[in-house]
Amino acid sequence: MSIDSRKVVVVGCGFVGSSSAFALMQSKLFSEMVLIDADHDRAEGEAMDISHGMAFASPMKIYAGSYDDITDAAVIVITAGANQKPDETRLDLIRKNSAIMKSIIGEIKKRPFEGILLIVSNPVDILTYIALKESGYPANRVIGSGTVLDTGRFRYELGEHLGVDSRSIHAFIIGEHGDSELAAWSEARVGGMPINDFCELRGHYDHEASMEKIFNSVKNSAYEIIARKHATYYGIAMAVCRICAAIVRNEQSILPVSSLMTGEYGLENVVLSIPAVVDENGIETVVPIELNETELSKLQQSAAVLKKVIAEFYPD
Ligand SMILES: NC(=O)C1=CN([C@@H]2O[C@H](COP(=O)(O)OP(=O)(O)OC[C@H]3O[C@@H](n4cnc5c(N)ncnc54)[C@H](O)[C@@H]3O)[C@@H](O)[C@H]2O)C=CC1
Ligand SMILES: CC(=O)C(=O)O
């Protein structure tokens, strides 16, 4: 079965799945999009609604389908599962969503599929690990959206603080997509300048206080949004589009997706985010950026948090 690089499948058509589908339609990356949901009517309604925008975008076949439609897709985006309620962490979702992920991977595995699995449902790092184990696919083909969203939030916050286009900022949030994540401050650059030098250029000298404020705002974004509107979906939809573009356009873009660690920073058998080169094969290679001692220790603590949860599912 050959891969059709113009075909994408979205599994789960709730807030995140439908927003991602809407963003993907507007991105013009694909000419065919299959929507799958446990609630087939919902998938049908979303396919109809999104299709009605086509006259203002580009021709595309969008339909509610089944797992029999996945075989030649380039990417399957999985957004199915419960979202956080106020006061819930992402890790609190693991019981419900691990069962959902296992059932979806079970369906996918019954069919030939050679494309990329892009996991978005939370807790994304643990569910990506489960998808990897249950599918048996090579690690390069199973990617989590990881901290691509958090990194987008980080660049946005820094851009606001510094009065500069966030696209001119190279800075990453790494580790868990969740409460143990960290900012790789020591590698952050604005227009090629070390970040603190750029801050001083803009008249900001209170580095420690600003760093803490900006990082906390990024880390707590989901909680703040969920408290106000019950779910987050537009930011992640844009992140899904960005990752899909890197894959189907074979861009070799560096994105902090969630991937299997194989010795980087002394970490193994855990899935988390560090920057990686993303191309048509998924993860081409991870990019183990230099971290200072504090950052390295925080990354290792983040991995330990994730490993503890993984051990509940796959005790060795
Ligand atoms: N990785 C990230 O950065 C982000 C992840 N998320 C996560 O995305 C997930 C989805 O969130 P929402 O869309 O807000 O939830 P939602 O409740 O609006 O939608 C979930 C959808 O999944 C469907 N579903 C449930 N079981 C299914 C199955 N076995 N097969 C197919 N479809 C199934 C439901 O019918 C529903 O339509 C959550 O886990 C949420 O935490 C949300 C935002 C950002
Ligand atoms: C819900 C979630 O994971 C986020 O918005 O970051």
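**Working chat on the predicted model**

Reader: Where is the place of P123?

Author: P123 sits in the loop between β5 and α4, with helices (H or I, at least four residues) and strands (E, at least two) taken as DSSP runs and numbered from the N terminus. This is a predicted model, in which local features need pLDDT of at least 70, side-chain atom pairs count only at pLDDT 80 or more, and totals for chains, interfaces and linings use all residues. Residues are numbered from 1 along each chain as its sequence is written, while chains are lettered from A and ligands numbered from 1 in the order in which they are written.

Reader: And the peptide bond from N122 to P123, is that cis or trans?

Author: The bond from N122 to P123 is cis, and its omega is near -5°. For background, most peptide bonds are trans, and most residues other than glycine have a negative phi.

Reader: Okay, what about K28, is its phi positive or negative?

Author: The phi of K28 is positive, at about 65°, although K28 is not a glycine. K28 belongs to the loop between α1 and β2 (32-36).

Reader: Let's switch to ligands. Which residues are around ligand 2?

Author: Around ligand 2 one finds Q84, R90, N122, L149, A222, T232 and I236, where a residue is near a molecule or strand if its C-beta atom, placed from the backbone, lies within 6 Å of it.

Reader: How does that shell around ligand 2 divide by residue class?

Author: The shell of ligand 2 holds three nonpolar, three polar and one charged residue. In this scheme Ala, Val, Leu, Ile, Met, Phe, Trp, Tyr, Cys and Pro count as nonpolar, Asp, Glu, Lys and Arg as charged, and the others, Gly among them, as polar.

Reader: Where does ligand 2 lie relative to the domains?

Author: Ligand 2 lies between domain 1 (4-144) and domain 2 (147-312), because both of them give residues to its shell. The domain bounds come from an automatic or database domain assignment.

Reader: How many residues surround ligand 1, and which are the closest?

Author: Ligand 1 is surrounded by 34 residues, of which G14, F15, V16, A80 and N122 are the closest. Its shell divides into 17 nonpolar, 14 polar and three charged residues.

Reader: How many residues do domain 1 and domain 2 put in contact?

Author: The contact involves 36 residues of domain 1 and 32 residues of domain 2, where two residues are in contact if their C-beta atoms, placed from the backbone, lie within 7 Å. On the side of domain 1 that touches domain 2, two or more residues come from each of β1 (4-11), α1, β4 (73-78), β5 (116-119), α4 (124-135) and β6 (142-144). The largest share of that side, eight residues, belongs to α1. By class, that side of domain 1 has 23 nonpolar, 10 polar and three charged residues.

Reader: What does UniProt list for residues 147-312?

Author: The unreviewed UniProt entry lists 147-312 as "domain: Lactate/malate dehydrogenase C-terminal"; UniProt positions are given in the numbering used here, feature names are shortened, and annotations may be inferred rather than shown by experiment. Over residues 147-312 the chain is 48% helix and 20% strand, with its end C-alpha atoms 23 Å apart.

Reader: Which residues does it list for "binding site"?

Author: For "binding site", the unreviewed UniProt entry lists R155 and H170. They are spread over 16 residues of sequence yet cluster in space, the largest C-alpha distance being 7.6 Å. R155 is in helix α5 (residues 148-162).

Reader: Sheets now: what is the order of the open sheet with β12 in it?

Author: The order is β12-β15-β16, an open sheet of three strands with antiparallel pairing, where two strands pair if DSSP finds at least two bridges between them. Because β12 (253-255) and β16 (282-286) are edge strands, each with a single partner strand, one side of each has no neighbour in the sheet.

Reader: And how many bridges join β13 to β14?

Author: Strand β13 (residues 258-262) and strand β14 (residues 268-273) run antiparallel and are joined by four bridges, and L260 has V271 in β14 as its bridge partner. The hairpin of β13 and β14 has five residues between the strands, and G263 takes a positive phi near 110° in it.
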